[in-house]
Amino acid sequence: MKKMWSGRFSGESSRLLEEFNASIGFDKNLYREDIAGSKAHAKMLGSCGILKQNETEAIIKGLDEVLAEIESGKFEFKIEDEDIHMSVEKRLSEIIGKELGGRLHTARSRNDQVALDFRLFVLRSGKEIMAELRAFIATLANIAKSHKDTLMPGFTHLQHAQPVSLAYHLMAYAFMFRRDFERFLSSVERNNLSPLGSAALAGTPHKIDREMTARELGFKGATQNAMDSVSDRDFALEILFNVSVLMTHASRLCEELILWSSQEFGFVTISDTYSTGSSIMPQKKNPDVAELIRGKTGRVNGNLIALLTTMKGLPLAYNKDMQEDKEGVFDSVHTALTSVHILNEMLKEAKFNEQNMLKATKKGHLSATDLADYLVREKNVPFRTAHFITGKAVAYAENLGVDLSELTGEQLSSIDESLSADAVKFLDLNASKEARSSKGGTANASVQVQIDEIESWLKF
């Protein structure tokens with residue numbers, strides 16, 4: 001079978017080359033974008049007088065038939081057609097005639113076609129991920145509203161550090177995922193330009209209107225340099241980077257959910273709906289959703305590195321290496337969408353064990369910093385001295401087998417002359433949480449400000 005580009009070739013392509021060269025197996029995912037781009041291009045060619053009105057109408061009608069065939073499952077994707085662009089054009093020519101079908105490719109190349117299709121896919125995918133993120137951030141804020149008084153240990157180095165609330169901990173993730181949302185938004189805004197009409201690399205001598213096709217396809221405008229337009233894959237690298245950061249954040253949350261659901265922590269119970277069992281141990285309940293998300297993060301990071309490596313040595317403009325740009329993006333986008341969605345649903349059904357969290361705050365002397373602050377503020381002791389005295393108090397409590405917060409005023413007074421009985425009130429764990437009322441702190445009022453900020457942001 002002769003290729004559409006085979007005019008200067010005298011021999012047939014080998015089947016091995018066809019299979020190695022073809023991208024139809026995966027770029028068929030771009031059929032919606034390819035057909036939308038072709039319809040916009042046909043309308044522009046008609047508006048500029050390059051196509052007659054009846055030709056434009058016939059091409060658009062034919063493209064609608066191709067779209068219907070694909071979406072109904074009747075369309076046959078063939079490896080000899082190489083890619084989605086040739087596949088659609090070939091079927092269009094069968095429907096409306098080879099001569100008229102061939103006119104559609106006037107003033108464009110597969111180079112700007114694929115740049116357009118891929119860019120449209122990435123922009124649409126970015127918006128879909130943003131929608132999932134918005135819903136997930138809302139879930140975090142909703143859970144936080146119910147847990148401002150749920151005490152738990154805050155950790156550094158995975159060691160008990162200071163008392164915080166569950167609400168405070170969850171809001172840390174809410175702001176983390178909001179930054180992810182903002183990264184996707186920034187990428188969508190920056191890359192919202194149409195490359196269509198750039199042709200192979202140098203533009204076209206035909207009198208076309210690139211701004212018209214840009215408007216028709218929902219872009220804010222057309223790209224400025226044709227050579228850059230067909231060789232640019234920054235938009236693909238950006239979504240891969242954005243997904244990698246998003247999945248890194250999701251993985252950190254999942255790691256905590258895995259730890260918290262263990263018997264050693266017992267902070268959370270993940271519902272049976274989002275847990276699995278063991279093939280040999282009947283008692284097991286495994287947090288597989290969280291573990292899978294943690295594992296998938298490695299794969300999306302690999303997709304980013306793969307495309308960075310592909311692009312780093314390419315001269316301008318288009319090179320066939322760039323065919324390797326899509327599979328990793330398709331995979332990362334699908335992974336991000338499904339991961340955020342299932343993480344959101346799992347978290348909605350999770351049950352937080354408040355008593356276990358409270359019990360854990362009685363380990364690790366979480367109010368030690370409050371005692372040091374008391375000595376600095378109330379007794380005018382230099383902080384380094386206060387730090388040393390508090391260390392003595394911690395050692396005293398450990399010798400008794402109790403938490404620092406359980407010492408009596410009399411016991412505190414016996415440790416150092418700078419300590420008096422009134423220091424005991426500063427060791428109360430809830431008081432410790434409420435003492436940190438600075439912006440971004442753990443106090444309920446501060447946490448409520450954080451929740452209000454996220455909820456106001458969600459309204460826009």
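Analyst: Let's begin with a term: on a 1 Å grid over the protein atoms alone, a cavity is a set of points where a 1.4 Å probe fits but cannot get out, and lining residues have an atom within 4 Å of a point. This is a predicted model, in which local features need pLDDT of at least 70, side-chain atom pairs count only at pLDDT 80 or more, and totals for chains, interfaces and linings use all residues. Residues are numbered from 1 along each chain as its sequence is written, and side-chain values use heavy atoms, with hydrogens and water left out.

User: Ok, which residues line the largest cavity?

Analyst: The lining consists of Val-122, Leu-123, Gly-126, Phe-184, Ser-187, Val-188, Asn-191, Phe-235, Ile-239 and Asn-242. Two or more of the lining residues come from each of α7 (110-145), α8 (166-190) and α11 (234-260), where helices (H or I, at least four residues) and strands (E, at least two) are DSSP runs numbered from the N terminus.

User: And what volume does the largest cavity have?

Analyst: Its volume is about 70 Å³, counted as the space filled by probe spheres set on the points, with grid points joined across faces, edges and corners.

User: Switching to pockets, which residues lie nearest the centre of the largest one?

Analyst: Tyr-168, Ala-172, Gly-440, Thr-442 and Gln-450 lie nearest the centre, among 21 lining residues. A pocket is an open set with protein on both sides within 12 Å along at least five of seven lines, and the largest has a volume of about 470 Å³.

User: Which element gives the most to that lining?

Analyst: That is α8, with five residues.

User: How do β1 and β2 run, parallel or antiparallel?

Analyst: Strand β1 (residues 151-156) and strand β2 (residues 159-165) run antiparallel and are joined by six bridges; two strands pair if DSSP finds at least two bridges between them. Met-152 has Val-164 in β2 as its bridge partner. The two strands form a hairpin with two residues between them, and His-157 in the turn has a positive phi of about 60 degrees.

User: Last one: at what angle do helices α3 and α4 cross?

Analyst: The axes of α3 (residues 31-47) and α4 (residues 53-72) cross at roughly 175 degrees and come within 9 Å. Axes are lines fitted to C-alpha atoms, for helices over the stretch in contact (heavy atoms within 4.5 Å), and angles run from 0 to 180 degrees between N-to-C directions. The helices are therefore roughly antiparallel to each other, a term for angles over 145 degrees.

Note on methods
Angles under 35 degrees count as roughly parallel, over 145 as roughly antiparallel, 65 to 115 as roughly perpendicular and the rest as oblique.
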